[in-house]
Amino acid sequence: MSERYVCVHGHFYQPPRENPWLEMVELQDTSYPYHDWNERIAAECYAPNAVARILGTGAQIARLVNNYARISFNFGPTLLAWMQDKEPGLYERVLDADRDSCDRFSGHGSAMAQVFNHQIMPLADAADKRTQVVWGLRDFRHRFLRDPEGMWLAETAVDLATLEVLAAHGIKFTVLAPNQAARVRPVGGKDWQDVSGNRIDPSVAYVQRLPSGRSIALFFYDGPVSRAVAFEQLLTKGEVLAGRLLGAFSDSRRGPQLSHIATDGESYGHHHPHGDMALAYALDQIAAHPGVRLTNYGEFLERHPPAWEVEVFENSSWSCVHGIERWKTHCGCNSGRPGWHQNWRGPLRAALDGLRDGLLPAFEKLGGKLFTDPWAARDDYVGVLLDRRPETQDAFLARHEKKPLAPAERVAALKLMEIQRNLQLMYTSCGWFFDEISGIETVQVMMYAARAIQLAEELFGGSPEAAFLARLAHAPSNLPAEHPTGKDVYERYVKPARVGWKNMAAHYAVAALFQPPGESFREFGYAIDRKDARTLEAGRVKLAVGHATLVSEVTREEADFAYAALHLGDHNATAGVVEYPGDTAFANRAAGVVEAFQRADILQVIRLIDRNFGEATHSVASLFRDLRRAVLRQIRQAGIVDVRELFRRVYEQNLPLMRFHRHLSIPLPPLLRATVEALFDTDLRSVLQLRHGSIVEARFDSQKVAEIRGLVAGARELGVELDGTLGHKFTHVLTRLAEEWRVEPTRLDLLQLLSEALDLARQKPLESNVWAPQNVFFDVATSVFTARARLARTGDRPAREWAAAFIALGEKLGIEVDGLKKQLV
């Protein structure tokens, strides 16, 4: 029997979601109860695959495995940047998996690189093709500390020019869909065989000869099995997935065979819940199958170089049957909204192409004055994106400056590079993938365009925005009553999001009314240095006056400003910001406002803010999204306290009557039911001390457990349903308790507290995800249990109590503990 190999490739990708002015992903309501879609998909897919569960007897967890170490995978660079910042533990597990896979697969790491921000490469011009590959390579080397062998192409979209760039930069292979192969022949042969229409044999590697004389290896994944994983519920059972992968082998084939699939990695957990577990189980079964070896593409290519030559269909992809039309025309490929068109795709691309090409002469002219080679500087700028520290920026400028640059020229040089960065990001493929031009993905690419426009206005004068909007006006929306064209979408959603130094200063000023400003801090890509800050209060009214300096960590541009802000109670706040007028003028202006406030002349305070700090047009609405929500929540608290006490009186006065209703099996009247639900819900949140979905309570102890248990029991007694998102929030409690226990694993009290909390996690409405406690349990079992069990066997009473409690905790977590019990005998 021939050698048989199995490889599963996961393309793990999210589009860049950062606000281009704030350098952060803002709150996304559609991802509720999570903060944003990156966080949600990380919780549902990326993290579970790093510690996937293998079930043993009785459906209990036998062990945890890192799926990434046993498959081929790529993560988009922009997603990895977010992960490094927001999910550093997960990020390290991904890097660890690649290192482990090098040991597993004969020195070949499983991670593949990816073109930087998922551009459709055949639609990119020559310069953008190069930059996408160079930035993707540099990002990969920075993170994985090795050269990549393969590179993933966005949507597997391919043309020969793209393959030339890959090969020129040392990429050995990429992965394509079977429909992208046109014809094949044996290496050295003359006669071509037509394999169009998905007829290529996916079980071997191929070589594509390129016009330059270079070549690159290509793998064409198994289409039917990949499609079944993505769309046909193949991940419902791991053994079924294993069976399909093993069933792809054929006794009629001669030589080594590779059964391999490629899908969006999000299939394994996000699109298909528990798909991570199905994958882990399937990989286990395949690894144990006689005569079959798990592999990755690099290892297979080294062992079995291509014996067949292939020619691809240029301008083809895996997600558009029309080639690459999905990213430029209304071709019929969409995400399934009946009756909607995508006639907006062409005008959107024309608008972006026009913006890019229109800025090219100014880029080369100014870049030629600042840099020895502006294009080489652009390709090297990814090093700054990977490390925003001033010393990295200084080193970049030192490498590329044409002459020693003055401070203003250094700012201009960095702005020039940021224009190019945003011109790259605006071509992210998701901007065209879905059905409507006002969708969040398309608005996002417009925001990158708007940031490039803003920087161009600051550097070159004039405005390319008018021509950009003229082209967008030809992009029809599917929601004409709300926004007839792309121009209207831009005006409604993008233009208001533009941020300049005044917006940042206004945010700082209004925020000073609700949270004490630090001496200096970093936020939204800015370093903020407080020079002077005063706050005064008189009952519900509050005044904040100050002076601070903003320094952009992206462009090093500075702005010195003064502000005055007034809070009249509730959501009524007003603020003014101006360029710093100098020490004497600021002192006089501040003194005037403070004096008027101290004599309670509020109208005069407002007049002085208007006169001396710019028109007081800034308000709570001027805060950026996350803090705006937090401030409104804070403002609501006082009113909620009053309402809560009113509800409590109604509850206490009517409790006997409500119990009598329950005794007679009569539903509670809607008004009483709503009152009780609201009261118990707010009481539970108060005990948990939840803010923004996080726990801010200093300690969570047994008393809190008892309070929560009583509230849950009270709600159950009256038959009221509480907010189901409390379970998601209680998950944060469990995670924090587990992490506290991880730090001091031998403390019996922490172990017991976690166990008590887990009892609550089984009850509505607190049904929670116990993923984090399970992970910590396995870590403690590996690092601590053996030593404690040894002590317990000697008769040490504390060790025996701890071991018994530990095993009981494992049973609550659904973990196999028979092996642990044997260690105590």
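Visitor: Is N38 buried or exposed?

Guide: This is a predicted model, and in it N38 counts as buried, because its relative accessibility is 3% and the cut-off for buried is under 20%.

Visitor: Where is N38 placed, and which residues is it in contact with beyond its sequence neighbours?

Guide: N38 sits in helix α1. Setting aside neighbours within four places in sequence, N38 is in contact with Q14, R17, V25, L79 and W82.

Visitor: How accessible is E44, and how accessible is R40?

Guide: E44 counts as partly exposed at 21% relative accessibility. R40 is also partly exposed, with a relative accessible area of 21%.

Visitor: How many salt bridges are there in the model?

Guide: The count comes to 61 salt bridges. One of them joins the side chains of R293 and E299, at 2.6 Å from N to O.

Visitor: Is E299 buried or exposed, and what about R293?

Guide: E299 counts as buried, at 0% relative accessibility. R293 counts as partly exposed, at 28%.

Visitor: Which residue does D723 pair with?

Guide: D723 forms a salt bridge with R685, with the closest N and O atoms 2.6 Å apart. This pair links distant parts of the chain, the two residues being 38 residues apart: D723 lies in the loop between α24 (702-718) and α25 (725-743), while R685 belongs to helix α23. D723 counts as partly exposed at 30% relative accessibility, and R685 counts as partly exposed at 22%.

Visitor: Which residues are linked in a network of salt bridges?

Guide: One such network links D125, D128, D353, R356, D357 and R378.

Visitor: Let us turn to helices. How far apart are the end C-alpha atoms of α3?

Guide: They are 24 Å apart, which agrees with the 24 Å that the 17 residues of α3 (residues 88-104) should span at 1.5 Å a residue. The buried residues of α3 fall within an arc of 145 degrees when seen down its axis, so they line one face of the helix.

Visitor: Which residues of α3 are buried, and what covers them?

Guide: The buried residues in α3 are L90, Y91, V94, L95, A97, D98, S101 and C102. Their cover includes α1 (37-50), β4 (72-75), α2 (77-86), β5 (111-114) and α4 (126-144).

Visitor: Which residue takes a positive phi just after α3?

Guide: That residue is S106, with a phi of about 60 degrees. Just after α16, G461 takes a positive phi of about 75 degrees.

Visitor: How many residues of α16 are buried, and how far does the helix reach?

Guide: Helix α16 is mostly covered, with 15 of its 21 residues buried. From first C-alpha to last, α16 (residues 440-460) reaches 30 Å, close to the 30 Å expected.

Visitor: Now the loops. Where is P306 placed, and what does it touch?

Guide: P306 is in the loop between α9 (297-303) and β14. Not counting residues up to four places away in sequence, P306 touches V187, A205, Y206, V207, A217 and L301. P306 counts as partly exposed, at 25% relative accessibility.

Visitor: And G339, buried or exposed?

Guide: G339 is exposed, because its relative accessible area is 80% and the cut-off for exposed is over 50%. G339 lies in the loop between β14 (308-312) and α10 (345-370). The C-alpha atoms of G339 and V780 are separated by 55 Å, and these residues are 441 residues apart along the chain.

Visitor: Lastly, which residues form a nonpolar patch on the surface?

Guide: F660, L664 and I666 form one, with about 280 Å² of accessible area together. Of these, L664 is in the loop between α22 (625-663) and α23 (670-688), and it counts as partly exposed at 42% relative accessibility.

Notes
Residues are numbered from 1 along each chain as its sequence is written. This is a predicted model: local features need pLDDT of at least 70, side-chain atom pairs count only at pLDDT 80 or more; totals for chains, interfaces and linings use all residues. Side-chain values use heavy atoms; hydrogens and water are left out. Helices (H or I, at least four residues) and strands (E, at least two) are DSSP runs, numbered from the N terminus. Buried means under 20% relative accessible area, exposed over 50%, partly exposed in between (1.4 Å probe, protein chains only). The expected span of a helix is 1.5 Å times one less than its number of residues. Contact means heavy atoms within 4.5 Å. Patches are made of residues with over 30% relative accessible area and no salt bridge: like charges are joined within 9 Å, nonpolar side chains (Val, Leu, Ile, Met, Phe, Trp, Tyr) within 5 Å. Accessible areas come from the Shrake-Rupley method with a 1.4 Å probe; for residues, only the protein chains shown count as cover. A salt bridge is a side-chain nitrogen of Lys or Arg within 4 Å of a carboxyl oxygen of Asp or Glu. The arc is that of the directions from the helix axis to the C-beta atoms.
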